[in-house]
Amino acid sequence: MVSIWATILVAVLTSGSALLAGIMTNRATERRLALQSSLDSNREIRKSKLLKAEEIYVSLLIFKNMIFNIHMDWVAVCKSELTVDEMFKKAEKHSEDNDAIVLNAKLGIYFPSLKEKFNEARKQLKPANKCYFRLIDRKIPTSEKLSFVNIILDAGSKFDADIDILLLELSRDVNSEP
């Protein structure tokens with residue numbers, strides 16, 4: 001005959017092991033859910049960063065093209081193929097959807113390491129900008145205007161090269177992340 005204490009001991013051991021198994025299962029489930037949540041969060045962050053990178057990449061290309069078009073207008077003014085007033089009208093059209101400040105802000109938020117490189121690339125435009133401010137004077141001799149052509153084209157070429165490097169780094173930054 002089985003004693004009452006043996007029955008109670010078996011019941012306590014069975015209940016205890018069931019309770020212990022439940023606790024272990026809950027902890028394992030919590031760890032798995034925490035890991036899954038972390039993976040999902042990382043996936044969403046990566047997806048968001050990819051979308052912003054694409055948006056910034058396109059914006060950089062549009063900005064680069066705008067600078068090229070504006071510089072070609074300046075060259076046309078230097079060669080007396082375009083008046084200053086015509087250049088101003090075209091400049092409005094070129095710059096409607098291109099804002100370096102917004103682009104700079106997006107780079108600062110999503111890709112801070114590239115923001116400084118963008119600003120350095122923009123510094124390449126200073127010699128061309130100086131020519132522009134002389135061009136709008138309207139009273140400068142044609143010989144001086146013609147001397148601006150190479151300065152403007154050289155500044156634009158250096159800017160384009162820097163932006164191409166920036167675009168490459170943006171691609172690498174996005175593609176190198178896990």
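I counted as helices the DSSP runs of H or I with at least four residues, and as strands the E runs with at least two, numbered from the N terminus. By that count I found leucine 166 in helix α6.

This is a predicted model, and I took local features at pLDDT of at least 70 and side-chain atom pairs only at pLDDT 80 or more, while totals for chains, interfaces and linings use all residues. Numbering runs from 1 along each chain as its sequence is written, and side-chain values use heavy atoms, with hydrogens and water left out.

**Entry 1: leucine 166**

I looked up its burial, where buried means under 20% relative accessible area, exposed over 50% and partly exposed in between (1.4 Å probe, protein chains only). Leucine 166 comes out buried because its relative accessibility is 2%. For contacts I took heavy atoms within 4.5 Å. Leaving out residues up to four places away in sequence, leucine 166 touches Leu60, Leu114, Lys117 and Phe118. I also checked the spacing to leucine 60: 106 residues in sequence, and 8.9 Å in space from C-alpha to C-alpha.

The 75 residues of α1 should span 111 Å, and the end C-alpha atoms lie 109 Å apart, so the two agree.

Next I looked at how α1 (residues 4–78) sits against α6 (residues 142–176). The two helices pack at an angle of about 170 degrees, with axes 10 Å apart. The axes are lines fitted to C-alpha atoms, for helices over the stretch in contact, and the angles run from 0 to 180 degrees between N-to-C directions.

I placed aspartate 73 in helix α1. Is aspartate 73 buried or exposed? Aspartate 73 is buried, at a relative accessible area of 6%. Its contacts, not counting residues up to four places away in sequence, are Leu82, Met87, Lys90 and His94.

Tryptophan 74 is also in α1, and I have it as buried, at 7% relative accessible area. Neighbours within four places in sequence aside, tryptophan 74 is in contact with Met87, Ala128, Asn129, Tyr132, Leu135 and Ile152.

After α1 I found serine 80, in the loop between α1 and α2 (84–94). Serine 80 has a positive phi of about 60 degrees, although it is not a glycine.

**Entry 2: α4**

Helix α4 (residues 112–123) has 12 residues and reaches 18 Å from first C-alpha to last, close to the expected 16 Å. I list its buried residues as Leu114, Phe118, Asn119 and Ala121. They are on the same side of α4 because they cover an arc of only 155 degrees around the axis. The arc is taken over the directions from the helix axis to the C-beta atoms. The cover over these residues includes α1, α3 (100–110) and α6. The face turned away from the buried side carries the exposed residues Pro112 and Ser113. I noted proline 112 at 51% relative accessibility.

**Entry 3: leucine 125 and α5**

I located leucine 125 in the loop between α4 and α5 (126–135). Leucine 125 counts as buried, at 6% relative accessibility. Residues up to four places away aside, leucine 125 touches Ile67, His71, Ala155 and Phe159.

In α5 I have Ala128, Cys131, Tyr132 and Leu135 as buried. These fall within an arc of 105 degrees seen down the axis, so they line one face of α5. As a reminder, an α-helix has 3.6 residues a turn, so residues three or four places apart point the same way. The buried residues of α5 pack against α1, α2 and α6. On the other side of α5 I found Lys130 and Phe133 exposed.

Conventions
The expected span of a helix is 1.5 Å times one less than its number of residues.
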